[in-house]
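Here is a short briefing to read with the model open beside you. It starts with the core and then turns to the ligand and the overall fold.

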Amino acid sequence: MRSPHVDTAKPMPSVCRWQDLPGPRTRWWGLPLLREMARDYLGQAEGLRRTHGTLVRTQVVRERMLDVYDPALLRELLVEHHEALVRWERGPEVFAEVMGQSVLVAEGAGWQRLRRVLMPAFSSRRVPSYAGLMGEAAEAHLRSAAGVQDVGLLFSRITMDVMLRALFGQALGRDGAQVAADVQTLSEAGFREMFWPVTLPDWLPLPGKAAKRSALKRLRGLIRDGLANPSAGSLAAGLRQARSDHGESLSETELRDQCMVSFQAGHETSATALLWWSALLANHPAEQRCLREEVDGTLQGRAPSGQDPLPRLDASLKEAMRLYPPVAALLTRRLLRPIQLQGLALPAGLLLRFTLHTLHHDPSLWDEPERFRPQRFLPGAAPPPRGAYLPFGVGPRVCLGQHFAMQEMQLVAAQLLQRFALHPLSGDAPPVPRLRVTLRPLAPLRLELRPRQDAPAAR
Ligand code: HEM
């Protein structure tokens, strides 16, 4: 067996079965591990990698798990062995409550069909056609953004607005803050419930259930209203007519579920990436200056298109997603049948955990992993080891919206830099990341957006 890279003193045993791999000694059937997972998921994953290496065996009651922190093995599992894997059941069970039978939740032939129908709408060829609506949404919210801002809320409003314009051709209404709060309520509830053995009905008088019920009702209403009258040329109108190469189409329920998943998965992730990017820039003024110069020099005051040659800006967004991957963890899969992984025999039923945050901070894969160094992603820089940088996942279930997200983020970031200089607020502590479904800050992040006096005149 190829020895996975292990940066601890412990050598890999020369045996090749799951039960012989290194892992923590557990008491009480491993239940303390589960408690720690719910309390500090990322801290636990990092601790396991540091202490036990890149393949770590854990067990909670009868559930046998393997943490994979080796980039090559992780890639091999998600790409070559993808047919032997399904999503960990608790993920889809929890997500299905909000997103129904969407592409994010489905498996097997059903998932393939949905993916085929949706793919053209999110392809790299189609995405440039959304630049106009992305620019309008950014402009609508940034126009009046001068001053102290809760940037999490600001970026959520922008990316929700982008998604609603793309899906239905309708802008976000005045209830943007309420919708953002509802999305957060559902994320909190989803994360909490993922660690329960079953989902208890929402009508039960349990903590958080009433808030979840009302949030879900309002979000469903938002999607229902959008679907009632989508404008011609919108994604929803297109998906209603869409046929895959195989002639497949969507039912009305499927259409509703895909709209819900695009809205949810498609805005919170991009907003989270922009949030951490802005926090990093506010605290790295030299880098911010450099990006402003690039944006001013390339755009000369014209509106960005999302496809502009702005390599330093793209590198800074990628580096922000390395340090703070929006989907930092919970890419968990169940093995349907036994497989051989580079000589390691893995049994059917094993749960595989992939934690992108740990991979992106591994000192054996990255120089100075905790430093913000966008140069790593500039054209011509040595690429990271294969499989070490996966903010959008990898394999057939790679993010459907990755081209959409990259264009949207470049466009919003460029507009922001054209208008404002970002400053941290003196007295505010640096933001602390906390895993919910995405990687959010523990407390709202406030920054000062100071209007620029030196920007080139708009053309
Ligand atoms: C910075 C922004 C984004 C990040 C970091 C991100 C990340 C990810 C990751 C890591 C996965 C794979 C999860 C897994 O393998 O279990 C994923 C899947 C997915 N993403 Fe994204 N995403 C982003 C934006 C978007 C956008 C804008 C959309 C839609 C417009 C979208 C829609 C989806 C969908 C539908 C899936 C499920 C695909 C499938 O299972 O076939 N995402 N995303």
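The largest nonpolar core has 121 residues; such a core is a set of buried Ala, Val, Leu, Ile, Met, Phe, Trp, Tyr and Cys residues joined through C-beta atoms within 7 Å. Helix H11 (residues 252-282) supplies the largest share, 15 residues, with helices being DSSP runs of H or I of at least four residues, strands runs of E of at least two, both numbered from the N terminus. This is a predicted model: local features need pLDDT of at least 70, side-chain atom pairs count only at pLDDT 80 or more, and totals for chains, interfaces and linings use all residues. Residues are numbered from 1 along each chain as its sequence is written.

**Core**
- Among the residues with the most contacts inside the core are Leu167, Trp276 and Trp277.
- Setting aside neighbours within four places in sequence, Leu167 is in contact (C-beta atoms, placed from the backbone, within 7 Å) with Gly226, Ser234, Leu235, Ala236, Cys259, Ser262 and Phe263.

**Ligand shell**
- The ligand is surrounded by 22 residues, counted when the C-beta atom, placed from the backbone, lies within 6 Å of it.
- Gly266, Thr269, Gly393, Cys399 and Gly401 are the closest.
- H11 gives the most to this shell, with seven residues.

**Overall fold**
- The chain has 15 helices and twelve strands.
- Its C-alpha trace spans about 65 × 50 × 45 Å along the principal axes.
- Buried residues (20 or more other C-beta atoms within 10 Å of their own, with C-beta atoms placed from the backbone) make up 43% of the 459 residues.

Key:
A residue is buried if 20 or more other C-beta atoms lie within 10 Å of its own, exposed if 12 or fewer, and partly exposed in between; C-beta atoms are placed from the backbone. Two residues are in contact if their C-beta atoms, placed from the backbone, lie within 7 Å.
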